[in-house]
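Here are my notes after a look through this one. Have the model open while you read.

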Amino acid sequence: MPVQEHDDEPRMPYQLPFPKDAQDEIVIPDAVATDERIWVPQTENVSFRPLCLNRSQGYWMNLLRVRKSGVLSRHRHPQPVHGFVLKGRWHYLEHDWVAQEGGYVFEPPGETHTLVVPDDVDEMITYFQVNGVMLYVDPWGKTMGYEDVFTKIDMCRKHYEEVGFGADYVEQFIR
Ligand code: FE
């Protein structure tokens with residue numbers, strides 16, 4: 001039996017309405033935003049650009065941007081992370097591999113790591129899907145804080161209010 005039966009109309013669009021409860025798509029033509037106000041500052045050298053803040057499934061997709069010599073604090077992932085490097089280069093203090101521009105990484109549940117951008121990289125941008133929660137920890141695993149899709153949404157609201165877009169600007173990224 002073939003994987004797919006022969007389709008007599010391969011160019012005919014789907015003819016039925018989508019399920020009435022389905023959510024709207026998100027389309028962001030300028031995902032690597034050039035307008036600095038879109039980037040939500042996290043620490044001095046770290047900021048993120050929201051793409052999909054999925055509160056119904058508890059994950060977030062964002063572009064993480066780290067500038068020269070920046071560090072993303074040590075944290076544990078109880079759930080998986082997917083990353084695709086769009087620009088620059090980075091590594092974790094806990095691994096000997098380097099994530100390079102054009103590279104993909106899968107981070108399995110159980111990972112605890114500290115992301116570092118080397119001195120010779122002015123800027124790195126990575127597309128990350130982070131599931132559930134990330135727990136900021138000390139070197140021995142004691143939890144110092146956390147982030148989840150809700151803290152991300154709150155950070156966006158506060159920032160977009162401050163830059164004059166209005167807190168509701170974040171709504172377009174929430175599903
Ligand atoms: Fe991480």
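Which side chain does Arg65 join in a polar contact? Keep in mind that this is a predicted model.

1. The partner is Glu36: the two side chains make a polar contact of 2.7 Å. Arg65 itself belongs to strand 3, which covers residues 59-67.

2. Arg65 counts as buried because its relative accessibility is 6%, and the cut-off for that label is under 20%. Leaving out residues up to four places away in sequence, Arg65 touches Glu36, Trp39, Asn45, Val46, Ser47, Glu123, Met124 and Ile125.

3. Now to strand 4. Strand 4 (residues 71-77) runs antiparallel to strand 9 (residues 111-116), with five bridges joining them. Strand 4 also pairs with strand 11 (residues 133-137), again in the antiparallel sense, over two bridges.

4. His75 is a handy place to look at both pairings. Its bridge partner in strand 9 is His113, while in strand 11 the bridge partner of His75 is Tyr136.

5. Helix 1 takes in residues 149-162, 14 residues in total, and spans 20 Å from first C-alpha to last, close to the 20 Å expected. At its start, a side-chain oxygen of Asp148 comes to within 3.0 Å of the backbone nitrogen of Phe150. Just after helix 1, Gly164 has a positive phi of about 95 degrees.

6. What is buried in helix 1? The list is Val149, Thr151, Lys152, Ile153, Cys156, His159 and Tyr160. The cover over these buried residues includes strand 1, strand 2, strand 3 and strand 12. Strand 3 is also where Arg65 sits.

Conventions: Residues numbered from 1 in each chain as written. Predicted model: local features only at pLDDT ≥ 70, side-chain atom pairs only at ≥ 80, totals over all residues. Heavy atoms only, no water. Pairing = 2+ DSSP bridges. Helix = DSSP H or I, 4+ residues; strand = E, 2+ residues; numbered from the N terminus. Buried < 20%, exposed > 50% of the residue type's maximum accessible area, 1.4 Å probe, protein only. Polar contact = N/O pair within 3.5 Å; in protein donor to acceptor, adjacent residues only side chain to side chain. Contact = heavy atoms within 4.5 Å. Expected span 1.5 Å × (residues − 1).
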